[in-house]
Amino acid sequence: MDQSKKPSATTTPEPNDDDTSRLKSLFADGKLVHPYLSREFFQDSSSSTSSPKDHVTLNFVDLAASLAICCGVTSSCSSEDDDKLACTSSNKIISTALTDEDIQRRRLQLAAEIDGGGSGRKHIVIILCDGMGNSILQNTLNKQSFLNRNNQTQRLRAVFPSTTPAALTSLATASWPGIHGMPGWNLRDKKG
């Protein structure tokens, strides 16, 4: 093989139009889930009246950032250079259709909802049920139970990969797994 044509180990190929079309098709068919934009956005992409902002869904990273705002933590997108780089890179992963301001506005709205509109709540309790999928709620609890009545399955998206280490690290850092670099963990089995 001609060495001049051999790809470099550090070179990432640029996506072409076929890749982009295929990816959009996978989002539209529901085979892949976009972290922010709904399936309908990709199905309605031919509609010129539809704005990406009309199809935004909150996600686990938004929840983590909103909780941080409720606790008095300022936005990480405006401080240190490293934080700014991580925030910008994270948002490029999400969508070029949404700006940092759009994302921050949605997070502030969610924070206001969590905080009761600025009522100054002293405590916020998060109950995280690791590994409890939606089907467990629907198949085991009474339909009128508190959890089933308040379960809004389309309101919040998980991170990918949706593993415990990735999700908990995203909750702690308000960043995507691709930014915090913790998609999973290895445990050493001392017996084996």
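Arg105 counts as partly exposed because its relative accessible area is 44% (buried means under 20%, exposed over 50% and partly exposed in between, with a 1.4 Å probe and protein chains only). This is a predicted model, in which local features need pLDDT of at least 70 and side-chain atom pairs count only at pLDDT 80 or more, while totals for chains, interfaces and linings use all residues. Residues are numbered from 1 along each chain as its sequence is written, and side-chain values use heavy atoms, with hydrogens and water left out.

Arg105 forms a salt bridge with Asp102, with 2.6 Å between the closest N and O atoms (a salt bridge is a side-chain nitrogen of Lys or Arg within 4 Å of a carboxyl oxygen of Asp or Glu). The two residues are 3 apart in helix 5, hence separated by about one helical turn (helices are DSSP runs of H or I with at least four residues, strands runs of E with at least two, numbered from the N terminus). Asp102 is buried, at 5% relative accessibility.

The structure holds 3 salt bridges. Another joins Asp62 to Arg107, the closest N and O atoms lying 2.7 Å apart. Asp62 belongs to helix 3 (residues 60-70) and Arg107 to helix 5 (residues 100-114), so this pair ties together parts 45 residues apart in sequence. Both Asp62 and Arg107 are buried.

Glu113 pairs with Arg155 in a salt bridge whose closest N and O atoms are 2.6 Å apart. Glu113 lies in helix 5 and Arg155 in the loop between helix 7 (146-149) and strand 2 (156-157), so the bridge ties together parts 42 residues apart in sequence. Glu113 is partly exposed at 48% relative accessibility, and Arg155 is partly exposed at 31%.
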